[in-house]
Amino acid sequence: LQEGDIPFTPPLPPAKVSALGLYGMEDAAKLILVFRDRVWPEKVQSCIVGGSPIPEMWFRRCHKTGHHVCCCFATSKFAERLKGMGEAAAVKVARGLLEEMFGMSEGSELLDSRLMCWSDVP
């Protein structure tokens with residue numbers, strides 16, 4: 001919208017066009033971890049991890065596969081750090097947080113992982 005790539009009919013009033021220039025957009029990242037077994041307490045759905053490289057974690061069970069999914073979410077400088085460390089290091093950090101918070105064993109089977117950054121998607 002800030003670039004004027006989307007035309008409006010009728011055109012937006014000048015005050016609204018000016019207001020669009022005040023909004024910033026920073027990077028965001030999701031690190032998805034898929035486990036065979038749940039490695040967090042049953043009734044935990046999400047947590048905020050202050051002072052951590054991964055500020056938010058959401059937990060769900062995939063009803064289709066039965067696997068357990070941890071979605072790590074970060075924005076701004078936290079997203080930039082995750083992207084900069086790469087997927088393998090980000091997974092290691094996330095597993096360390098899960099271990100620290102929930103006593104997850106290092107042997108907990110990680111089936112898949114994926115680091116996705118919004119800035120990488122056109």
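Because the model is predicted, local features need pLDDT of at least 70 and side-chain atom pairs count only at pLDDT 80 or more, whereas totals for chains, interfaces and linings use all residues. Residues are numbered from 1 along each chain as its sequence is written, and side-chain values use heavy atoms, with hydrogens and water left out.

Contacts between aromatic rings were examined next. Rings of Phe, Tyr and Trp (for Trp, the six-membered ring) pair if their centres lie within 6.5 Å; planes under 30 degrees apart count as stacked, over 60 as edge-to-face and the rest as tilted. Five aromatic pairs are present in the structure. One of them joins Phe 59 and Phe 102 in an edge-to-face arrangement, with 5.9 Å from centre to centre and 80° between the planes. Phe 59 belongs to strand β3 (residues 56-61) and Phe 102 to helix α2 (residues 76-102), so this pair ties together parts that are 43 residues apart in sequence. Here helices (H or I, at least four residues) and strands (E, at least two) are DSSP runs, numbered from the N terminus. Accessibility was classed as buried under 20% relative accessible area, exposed over 50% and partly exposed in between (1.4 Å probe, protein chains only). Phe 59 is buried, at 2%, while Phe 102 is partly exposed, at 25%.

Phe 73 and Trp 118 form a tilted pair, with their centres 6.2 Å apart and an angle of 55° between the planes. Since Phe 73 lies in strand β4 (residues 68-75) and Trp 118 in the segment after β5 (110-117), the pair ties together parts that are 45 residues apart in sequence. Phe 73 is buried, with a relative accessible area of 13%, and Trp 118 is partly exposed at 45%. A single aromatic cluster is formed by Phe 35, Trp 40, Phe 59 and Phe 102.

A nonpolar core is a set of buried Ala, Val, Leu, Ile, Met, Phe, Trp, Tyr and Cys residues joined through side-chain atoms within 4.5 Å. The largest such core has 24 residues, of which Leu 31, Leu 33, Met 57, Cys 70 and Leu 98 touch the most other members. At least two core residues come from each of β1 (28-35), β3, β4, α2 and β5; α2 gives the most, with seven.

Side chains of opposite charge can pair when their charged atoms come close. The structure holds two salt bridges, each defined by a side-chain nitrogen of Lys or Arg within 4 Å of a carboxyl oxygen of Asp or Glu. Arg 36 and Glu 109 meet at 2.9 Å, N to O. Arg 36 lies in the loop between β1 and β2 (46-48) and Glu 109 in the loop between α2 and β5, 73 residues apart. Arg 36 is partly exposed, at 40% relative accessibility, and Glu 109 is partly exposed, also with a value of 40%. Asp 120 forms a salt bridge with Lys 83, the closest N and O atoms being 2.7 Å apart. This pair links the segment after β5, which holds Asp 120, to helix α2, which holds Lys 83, across 37 residues.
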